[in-house]
Each structure stands twice: as structure tokens, then as C-alpha cells.
Amino acid sequence: MAKEFQAEHPEVQIAGINYDGSSTLATQIVEGADVDVFASADERTMAEVTEAGFGHEPVIFASNTLVIAVPKDNPANIGSLSDLAGASTVLCAAQVPCGNASRQLLENAGVELKPVSEEQNVTAVVQKVAAGEADAGLVYASDVQDEPDLAAIVPEGADEVVNSYPIATLDQNPAAQEFLDFVISERGQEILAEYGFGGGAAQGNG
């Protein structure tokens, strides 16, 4: 998305993009990090930023649901959330959006488990499962889509725990608003769909 945006706006230079966990990024912003645009994996984390006086009118730009990520050959024969209780399972930490959603999904299903590790971002969960360090992990559907070593199992009730992704500008930089507008544009939404994300409220299906 950044590549296409810069092609359309050669006068704008994107200095860098930080893909850390949303809660980590929110802490950095509140502590004074120089940021023009913030996109969060849930509305709760965005609220931490806006309530601290940062961010202008967040817009929902995407949505995502959880899947059970397993190695391609699924050696532990995971087929449902209940199977995770007897398997080595990795989760995101509770304060991270994917961790909060994972616990809600498990609670809804009446499944209790003790994860073998709790990671600070969803990428770390994916990496542990892909490396064979765990039987399974709960991650977003978009995170498994292009992982050749992983398979995704859609658990029952996943459609009831949907993360809405808000995005907001953090200053009056016109280029920041232009980037946000591109994200919620028809083309921006097409790119997100290609990577497994659901649509944002701007497109009427969030």
C-alpha cells in the first residue's frame, strides 16, 4: 500500500513503517514518538491514544477474524478450539489486540488452556508455529494467508469475535491525511482484501 501511495504521490517520502504490536506502538506514541499516522488492530488500543490527546477522528479501515494456525501437516491433529487445551499452544499476550480477541474466543467456547508462551505481537506467534515450536497458535486470518508452512483452521464462533482496525492521523501533516484517504479508498480496500482483511466501515461492510 505504501509503495502504491508513493507512486501516486512522488512528492511524499514515507520515512519508515513500524509493524510492532498495537499496544507497544500506542505506548510509544503516548511517550512522544514522532508519528504521523497510527493504525491499530483494535479500537481499544486506539482509544488509549486518542484519550491521551493524540489522534484525529479514527476511521475503521479493515477488519479481521481469528484462525487456528497449525503446521502444514498438523502433527497434533488440531481440528477445533477444544483440541488446543491438550496441545502446546502459543497466544499473543493479553494486552495485545490478538491476545485480547483470542481470550474472548476461548472464553466464548468454554475452553481453558495454559499457553506455552505469550508473545508481544502476532508475527511472533506465527513464527513459533511455523518453526515447529508449538502445535498451534491463534492468529489473524490475514497472517496465515501467505505462510507456506502453515494451515489455517477457522474455529467455530470466529465470526462473533471480529477485530475492527481504526486508523488516524496524529498531526496536521497534509501528507498523513492523504495516506489515510488512500487506505480507505476503493484501491486501498482492494489491497487489504488481497491480503485477507475484511472491509472497513468506510466501505459499508465493517
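Predicted model: local features only at pLDDT ≥ 70, side-chain atom pairs only at ≥ 80, totals over all residues.
Close-up 1. E133 and K128 form a salt bridge, with their closest N and O atoms 3.2 Å apart. K128 is partly exposed, at 25% relative accessibility, whereas E119 counts as buried, at 14%. The salt bridges come to seven by count.

**Close-up 2. Helix 5 and its two ends.** Helix 5 spans residues 122-130, and its buried residues are V122, A124, V125, V126 and V129. At the start of the helix, a side-chain oxygen of N121 comes to within 3.3 Å of the backbone nitrogen of T123. Just after helix 5, G132 has a positive phi of about 80°.

**Close-up 3. Strand 5 and its pairing with strands 2 and 3.** Strand 5 covers residues 136-140, and five of its five residues are buried. Strand 2 (residues 56-71) runs antiparallel to strand 5 and is joined to it by four bridges. Within this pairing, L66 stands opposite Y140. Strand 3 (residues 89-92) pairs with strand 5 in the parallel sense over two bridges. G137 in strand 5 is the bridge partner of V90.

**Close-up 4. The salt bridge between D42 and R44.** The closest N and O atoms of D42 and R44 are 3.8 Å apart. D42 is buried, with a relative accessible area of 6%. R44 counts as partly exposed, at 38% relative accessibility.

Methods:
Residues numbered from 1 in each chain as written. Heavy atoms only, no water. Buried < 20%, exposed > 50% of the residue type's maximum accessible area, 1.4 Å probe, protein only. Pairing = 2+ DSSP bridges. Polar contact = N/O pair within 3.5 Å; in protein donor to acceptor, adjacent residues only side chain to side chain. Salt bridge = Lys/Arg side-chain N within 4 Å of Asp/Glu carboxyl O.
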